[in-house]
Amino acid sequence: MTPAVNKASVAIQYEESNLVARIRGGDETAFESLYLAHHDELWRFAYAYVRSRDVAEELVQDVFLAIWGTRATWEVHTRVRAWMYASVRHLALNHLRHERIVTRTMGAEGQSASETEVFGSSQLEATTMGVPPMDQQMALEAQEMDDAVIHAIAALPERRRIAMMLRWKHDMSSLEISRVLGTSPEAVRTLLTRARTDLAFLLERPRQ
C-alpha cells in the first residue's frame, strides 16, 4: 500500500507540472496563482540574506519577471518551490558579492536583531499552537526561550543557518533544501544534525 505522504507528493508534483505547463502557454491566471502562493515566503527568505526590505522585494520580483519573460522555455526539473528558492538565493548571493558586504551582512553579530523578524513569528507559533492560553509569567518565559533560540540560530555558520531556516520556517524536506543549497539530501541531513548540536551548545552557554 502506498503511504499517504507519497500520494500527496505525487499530487503536488502533478499540480505543479500542470501549473508550469499553463504558464509556459501564457496563462496569466496560473502565473498570478504562483505569485500569490510564494511571494511572501520568498521575500522573507531573501530578506534573511540581504537585510533590506526593498532589495529583498527587487530580488523576488526579478525571479518572477524572469519566469514570465522566459515562460515559453521555462523548464523545472525539480519542485517549483525549490526552484524558486534556489533562484532567489542565487540572486541574493550575487547581490552580496557585488556590494562587498558578505561578511558584515551574514555575520552573526549583524544578524542578531534582524533574525527576530525572520524567525520570531514561526518560533512563537511553534511553541504556542494548540496549547491553552498562558499566564503572563509563562508567556514571558516562552518569549525568553524564543529569543534565545533566535539568537542561537543567528550565530550558526551560514549553510547550517539557512538549512535550519528552510526546515523550521519553511517546512522543507531534506530533498527540497538540497536543491536550494545545491547539494545532496545526505549533506543537508548532516548540516541539520550539526546545526542541532551547535544549537544545543549555544542554548546552554550563558548569553553575553
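A: R51 is placed in the loop between helix 2 and helix 3; helices here are DSSP runs of H or I with at least four residues, strands are runs of E with at least two, and both are numbered from the N terminus. The model is predicted, so local features need pLDDT of at least 70 and side-chain atom pairs count only at pLDDT 80 or more, whereas totals for chains, interfaces and linings use all residues. Residues are numbered from 1 along each chain as its sequence is written, and side-chain values use heavy atoms, with hydrogens and water left out.

Although R51 is not a glycine, its phi is positive, at about 60°. R51 counts as buried because its relative accessibility is 18%; buried means under 20% relative accessible area, exposed means over 50%, and partly exposed lies in between, with a 1.4 Å probe and protein chains only.

The crossing is right-handed, a term used when the near helix is turned clockwise from the far one by less than a right angle, left-handed being the anticlockwise case.

Contact (heavy atoms within 4.5 Å) between the two helices involves, among others, F31, Y35, W43 and Y47 of helix 2, and includes F64 and W68 of helix 3. By class, this contact has 15 nonpolar, 3 polar and 3 charged residues. Ala, Val, Leu, Ile, Met, Phe, Trp, Tyr, Cys and Pro count as nonpolar, Asp, Glu, Lys and Arg as charged, and the others, Gly among them, as polar.

Rings of Phe, Tyr and Trp (its six-membered ring) pair if their centres lie within 6.5 Å, and planes under 30 degrees apart count as stacked, over 60 as edge-to-face and the rest as tilted. By this rule there are 7 aromatic pairs. One of them joins W43 and Y47, which are stacked at 5.2 Å centre to centre with 15° between the planes. W43 and Y47 are 4 residues apart in helix 2, and so are separated by about one helical turn. With a relative accessibility of 14%, W43 counts as buried, and Y47 is likewise buried at 10%. Ring pairs also link F31, Y35, F64 and W68 into a cluster. R71 lies over the face of W68, 4.1 Å from the ring centre; a charge sits over a ring if NZ of Lys or CZ of Arg is within 6 Å of the ring centre and within 35 degrees of the ring normal.

D171 belongs to the loop between helix 9 (158-168) and helix 10, and it is exposed, with a relative accessible area of 56%.

As to the setting, the protein chain has 11 helices and 0 strands. Of its 208 residues, 39% count as buried. Residues 24 or more positions apart account for 70% of the contacts with a separation of 6 or more.
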